[in-house]
Amino acid sequence: MKFKLKHWQVIAVYLLIYDIVTVVLSYFLALWFRFDCKISSIPDDYAQAYEYSILFYTLFVVLCYYFFGLYKGMWRFASFFELRNIILANAITIVAYGAIMSLFVYRMPISYYIFGLGFQGLFCLGIRFSYRFIKILISNTSIKQ
C-alpha cells in the first residue's frame with residue numbers, strides 16, 4: 001500500500017520544519033543582538049541557559065502552533081482570524097517561556113524575550129502571509145498597468 005501526502009500536508013511539514021528552525025534562530029538572534037552582535041560577548045551562563053531550554057521551548061511552540069491551527073490553514077486565504085491565532089499562540093509561548101526560564105532555569109535579560117518574540121512573530125507572520133502579500137502586490141501592479 002502506497003501512502004501519499006496531500007498537498008496541504010506537505011506544506012504543513014515544510015511549515016513545521018521552518019518553525020523549528022526559526023524559533024531556534026529567533027532566540028539565538030535575540031542573545032546576539034542583546035550582546036552587541038558579538039557571539040564572544042554572550043556570557044556563558046546565558047548561552048548555557050539558551051542551549052538547555054531552546055529545544056524544549058521549540059517543541060512547546062510547535063505544539064502551541066498546532067493547537068491554534070497554524071498547520072492546517074489555507075494560507076492563500078489568510079485573514080485576521082489567522083493573525084489572531086498567531087498573536088495568541090506567540091503570546092502564550094513567550095509568557096510560558098519567560099515564566100519557566102525565570103523560575104526553573106536561569107533568569108535571562110528582558111531584552112532576550114522581547115527580541116526573541118519579535119523575531120519569532122516576524123518569521124511566523126512573514127511566511128504565513130507572504131503568499132497573500134505577493135498576490136496583492138501582483139494584482140495591484142497589474143491593475144496599474
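Predicted model: local features only at pLDDT ≥ 70, side-chain atom pairs only at ≥ 80, totals over all residues.
## Burial and overall form

Residues are numbered from 1 along each chain as its sequence is written, and side-chain values use heavy atoms, with hydrogens and water left out.

The protein chain has four helices and zero strands, where helices (H or I, at least four residues) and strands (E, at least two) are DSSP runs numbered from the N terminus. Along its principal axes, the C-alpha trace spans about 55 × 50 × 25 Å. Contact means heavy atoms within 4.5 Å, and among contacts between residues at least 6 apart in sequence, 77% join residues at least 24 apart.

## The nonpolar core

A nonpolar core is a set of buried Ala, Val, Leu, Ile, Met, Phe, Trp, Tyr and Cys residues joined through side-chain atoms within 4.5 Å. The largest such core has 30 residues, of which Tyr 27, Leu 31, Tyr 97, Met 108 and Tyr 112 touch the most other members. Helices α1 (7–34), α2 (44–67), α3 and α4 each supply at least two residues of this core, and the largest share, nine residues, comes from α2. In soluble globular proteins, nonpolar side chains tend to be buried together.

## Aromatic rings

Rings of Phe, Tyr and Trp (its six-membered ring) pair if their centres lie within 6.5 Å, and planes under 30 degrees apart count as stacked, over 60 as edge-to-face and the rest as tilted. A search of the whole structure finds 16 aromatic pairs. In one of them, the ring centres of Tyr 97 and Tyr 112 are 6.1 Å apart and the planes stand at 50 degrees, so this pair is tilted. The pair links distant parts of the chain, since Tyr 97 belongs to helix α3 (residues 80–105) and Tyr 112 to helix α4 (residues 110–144), 15 residues apart.

Both Tyr 97 and Tyr 112 are buried, and together with Tyr 27, Tyr 57 and Tyr 113 they form one aromatic cluster. Leaving aside neighbours within four places in sequence, Tyr 27 is in contact with residues including Tyr 57, Tyr 97, Tyr 112 and Tyr 113.

## Where α1 meets α2

The axes of α1 and α2 come within 9 Å and cross at roughly 145 degrees; axes here are lines fitted to C-alpha atoms, for helices over the stretch in contact, and angles run from 0 to 180 degrees between N-to-C directions. Among the residues that meet here are Val 23, Tyr 27 and Phe 28 in α1 and Tyr 50, Ile 54 and Tyr 57 in α2.

Phe 28 is partly exposed, with a relative accessible area of 29%. Leaving aside neighbours within four places in sequence, Phe 28 is in contact with Ile 39 and Tyr 50.

## A residue in a loop

Arg 107 is found in the loop between α3 and α4, and this residue is exposed, with a relative accessible area of 52%. Although Arg 107 and Tyr 46 are 61 residues apart in sequence, they are 8.4 Å apart in space, C-alpha to C-alpha. Not counting residues up to four places away in sequence, Arg 107 touches Tyr 46, Met 101 and Ser 102.

Definitions and conventions:
Buried < 20%, exposed > 50% of the residue type's maximum accessible area, 1.4 Å probe, protein only.
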